[in-house]
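This report describes the fold, the nonpolar cores and the ligand surroundings of the structure shown below.

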Amino acid sequence: MSAATPGDPTLELLAALAEVSVHAHTLPTIVTAAAGVLASHLPLRFFEFGHCDPTLSTADALFQGPDAAAPARVHRTLPGSLAQSALADGAPRLVPVPAAERLPDDLSRARAHGAVTLVALPLHAADGPAYALLALGPLTPAFPALTPPLLGALGRLLSVALHHASVLHRVATLSRRAHADSRKLRDELQRAVLPPDVIARSPAMQTLFRDVVPLLARQDTTVLIRGESGTGKEVVAGRIHALSLRAHRPFLKVNCGALPEQLVESTLFGHERGAFTGATQRHEGYFERAHGGTLLLDEVGDLPLAAQVKLLRVLQEGEIERVGGQTPLRVDVRVLAATHRNLEAMVADGRFRADLYYRLDVFPLVVPPLRERPEDIEALVPVILSRLALRVGRIPPRVTSEALARLRAHAWPGNVRELENVLERALLLSPGDTLALPATLGAGKRGPEVSPEPGRVETYEEASRRCIAAALAACGGKLYGPGGAARLLGLKPSTLQSKMKKLGM
Ligand SMILES: Nc1ncnc2c1ncn2[C@@H]1O[C@H](COP(=O)(O)OP(=O)(O)OP(=O)(O)O)[C@@H](O)[C@H]1O
């Protein structure tokens, strides 16, 4: 600095470099700005600039500065031996390049017009010592203006700029990492945290909801959700949709078992006006309405064979044809299918198409029956009671440990839906603040058979429920076919089904 006097061009040069150190935020911008300042204040016709880490041992590594964004040109062009000698004693200095030194093309061209000199400046960067190297050439009479004090001041200014750059670089890296971490955490949280009304306390359900469902949600494959009636297959399907990229698009559910046979196709695929008597207007089916989203085909085993063929075509080709329509329509729908039936047996009987079965069964998923996860019963009871009580404007009643033990001991052939029904009845029977369970929960007891209280005659409904539940429990929940509850009770499958519906089982 001693070389500078007010009005001196050297002072102006330092002031301009000070500006650089304040405003430049990355090493390349420091380099470019400093180079611009030097070029405008010193009549140099050529120079290059870079910084390097003297702790790296080989000459090549010497030019690989700690910042990957450092100007590559210097890294490539300055011979390592030359740079090492320029940086040898750690003091700011000018090193004339010997005439015999082999130089890269660009510096050789510069040397054709005069000598080339290196300027070595020790810098103090945030992450340890570094050096700035300037290759100057060809020299002009102004060159001696780069005196050692000026070089020292230049080095200090560049150190400050480099320090800023390095701190900013770290802040930017940390902020990028923090962003990525928070995104990851949010995703994990979304996966791990279930909505409060979805219960998964048992290990089996935790694995299902925390591991399997998020994994399936990320794919766009068909999933076949299996499990006894009322186990929560629709709840699982809803979570798959909610965690998928289709979450902001529709999630529709159609119960294939509840559709009148002659309307199955038009309900699923739509129909054109006049396609059949009564088709007074064009109608969009479930597939069209679910476009972009997810469609749950509940009770897929109940689809008539004709509709099965059409469904297979949609799954394979992504196209539907409205009933009475001529042109296929492209639809983008993720299909989830659910069933409580034994589809393998139905395929063997010819009631379900084998090709459709294999197409649906891409990823089979089984929701275990409630009797296999008593921990969930305990957690479900307060959630269901709160929901039911809220509906009728009551405070949820207290559940005694005896009541809970009874609920845990029951076999729940109708699973969570049956638990909901029992609790609804119990709530009606409990005007006070303690839940009173009905004398019989149903016939699906795991423990010793509990008969109605002595002296009380069972109602017809209670007896039917107990009888059906016992048959279902004996058949492991299987309704139809050999070893099914219908055969055991001597009923037609459709009769058993309608009785169960009537009883809310
Ligand atoms: N894990 C759960 N947490 C809270 N409620 C549940 C859970 N599983 C099921 N339920 C409730 O139980 C009832 C039946 O569930 P859902 O309709 O999903 O069963 P499903 O297996 O699809 O039945 P179906 O075979 O009759 O179609 C619903 O009211 C649902 O909200």
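Helices (H or I, at least four residues) and strands (E, at least two) are DSSP runs, numbered from the N terminus. By this criterion the protein chain has 20 helices and 11 strands. The model is predicted: local features need pLDDT of at least 70, side-chain atom pairs count only at pLDDT 80 or more, and totals for chains, interfaces and linings use all residues. Residues are numbered from 1 along each chain as its sequence is written.

**Cores**

Of the 505 residues in the protein chain, 35% are buried (20 or more other C-beta atoms, placed from the backbone, within 10 Å of the residue's own). A nonpolar core is a set of buried Ala, Val, Leu, Ile, Met, Phe, Trp, Tyr and Cys residues joined through C-beta atoms within 7 Å.

| Core | Size | Residues included |
|---|---|---|
| Largest | 58 residues | Ile225, Phe287, Leu336, Ala337, Leu419 |
| Second, separate | 12 residues | Ile468, Ala470, Leu472, Leu479 |

The residues named for the largest core have the most contacts inside it. Helix 17 supplies the largest share of this core, 6 residues. Leu336 touches Val223, Ile225, Ala237, Ile240, Thr294 and Leu296, not counting residues up to four places away in sequence (contact: C-beta atoms, placed from the backbone, within 7 Å).

**Ligand shell**

The ligand is surrounded by 19 residues, the closest being Ile199, Gly232, Lys233, Glu234 and Val416 (C-beta atom, placed from the backbone, within 6 Å of the ligand). Helix 9 (233-242) and helix 17 (415-429) each give two or more residues to this shell.

Conventions: Contact = placed C-beta atoms within 7 Å.
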